[in-house]
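User: I am new to this structure. Please walk me through it.

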Amino acid sequence: MPNQFGPEYVRAIAPYQAGKPIAEVAREFGLDEASIVKLASNENPFGVPESSKQAMAAAVADLGRYPDANGFELKAALSKRYDVPADWITLGNGSNDILEIAAHAFVQGGQSVVYSQYSFAVYALATQGVGARAIVVPAKAYGHDLDAMAAAISDDTRLVFIANPNNPTGTFIPAADIEAFLQRVPAHVIVVLDEAYNEFLAPGQQFESADWVRKYPNLMVSRTFSKAYGLAGLRVGFAIAQPALTDLMNRIRQPFNVNSLAQAAAIAALNDKHFLEQGAKNNAAGYQQFVEAFDELGLEYVPSYGNFVLVRVGDDDQAGARVNLALLKQGVIVRPVGNYGLPQWLRISIGLPRENAIFLAALKKALA
């Protein structure tokens with residue numbers, strides 16, 4: 001019997017498929033958990049910073065109390081780091097939470113949201129979740145075509161999502177191109193610039209997008225502590241925008257959406273320069289390790305600016321699933337991207353040198 005509960009637009013949503021947990025793969029294939037390598041979810045291979053572990057240990061004593069609903073200390077740290085007033089910051093249960101809050105705060109059912117083909121799956125989910133119409137702009141070289149996205153904005157468009165660098169393709173948009181786009185966007189259309197992977201950019205590619213928020217009242221910058229800062233399991237994200245936007249976000253944000261341990265860990269991680277530098281160095285070396293091997297194997301890949309690489313593992317529409325299964329049987333978890341319309345490709349997170357080497361050896365066997 002068909003499900004008749006809830007609005008039709010909710011019933012049409014395909015639930016988000018996360019990367020397979022290590023324990024699930026161990027059960028499914030009869031493997032030892034300790035032998036499994038997970039390079040599926042763009043997690044930091046160094047795990048949680050020691051500074052954050054110490055901060056959480058100190059915060060344990062107050063777990064009988066609700067967390068600070070306003071996140072005063074974390075907002076103060078972010079305010080100092082990005083040189084913006086504290087009331088320009090909205091905290092989220094990961095940046096996913098920020099993206100969904102934005103859709104609920106700014107878009108009504110029947111209005112439209114613009115985003116790119118091959119961009120983060122949550123943009124589609126957030127759009128569907130409010131009954132809005134998606135305007136999906138064809139990608140250009142697996143990345144955002146900003147000219148086409150600007151042209152696609154219609155009278156009923158209220159939100160535009162841009163990922164930079166983009167997940168799952170790893171493409172990057174230079175600062176000048178983004179600012180030129182912002183100048184073309186109508187003032188009533190809000191642009192969410194999703195910078196979940198910003199910290200992995202080389203110094204020459206990084207720019208302080210928070211500075212644009214002063215110039216563009218319709219701009220919101222979204223960041224996360226899940227990737228470079230190693231706090232994926234704690235779920236901490238934040239947005240920077242002018243008060244007209246943050247006021248609406250905070251009206252519908254859950255009051256305790258970032259827990260006490262997460263707030264303490266994020267404050268410590270934000271100021272842990274050594275941890276960030278260690279991660280950036282490992283990421284650059286791992287990227288070279290991957291692309292040299294892909295070149296040797298004659299595999300096409302998309303040049304990446306994140307902590308992952310999208311690689312084509314065959315020509316038929318079963319290639320990604322087939323090679324993924326062969327890798328799983330060897331205890332290597334990567335990310336198939338058929339749900340993005342890329343069934344011939346796999347997304348591989350950059351791990352530690354040993355993890356990367358295990359994956360590459362397993363890939364050679366899987367392709368053979």
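This is a predicted model: local features need pLDDT of at least 70, side-chain atom pairs count only at pLDDT 80 or more; totals for chains, interfaces and linings use all residues.

Analyst: Residues are numbered from 1 along each chain as its sequence is written, and side-chain values use heavy atoms, with hydrogens and water left out.

User: How many helices and strands are there in the chain?

Analyst: Helices (H or I, at least four residues) and strands (E, at least two) are DSSP runs, numbered from the N terminus. By that count the chain has 14 helices and 13 strands.

User: What is the radius of gyration of the chain?

Analyst: The radius is taken over C-alpha atoms, and the globule rule is 2.2 Å times the number of residues to the power 0.38. For 368 residues, a compact globule would come out near 21 Å. The chain agrees, with a radius of gyration of 21 Å.

User: What share of the residues is buried?

Analyst: Buried means under 20% relative accessible area, with a 1.4 Å probe and protein chains only. The chain has 368 residues. The buried share is 52%.

User: Which residues of strand 7 lie on each side?

Analyst: In a regular strand the side chains alternate between the two faces of the sheet. Strand 7 covers residues 219-224, and six of its six residues are buried. Both faces are covered: on one side are Leu219, Val221 and Arg223, and on the other Met220, Ser222 and Thr224.

User: Which residue stands opposite Met220 in strand 7?

Analyst: Two strands pair if DSSP finds at least two bridges between them. Strand 6 (residues 190-194) pairs with strand 7 in the parallel sense over four bridges. Opposite Met220 stands Val192.

User: Why is strand 10 largely enclosed by the rest of the structure?

Analyst: Strand 10 spans residues 308-312. It is largely enclosed because its buried residues number four of five.

User: How many residues lie between strand 9 and strand 10 in their hairpin?

Analyst: Strand 9 (residues 301-302) pairs with strand 10 in the antiparallel sense over two bridges. Tyr301 has Val311 as its bridge partner in strand 10. The hairpin formed by strand 9 and strand 10 has between them five residues.

User: Which residue in strand 13 stands opposite Val311?

Analyst: Strand 10 also joins strand 13 (residues 345-349). These two run antiparallel, with five bridges. The residue opposite Val311 is Leu346.

Notes. Buried means under 20% relative accessible area, exposed over 50%, partly exposed in between (1.4 Å probe, protein chains only).
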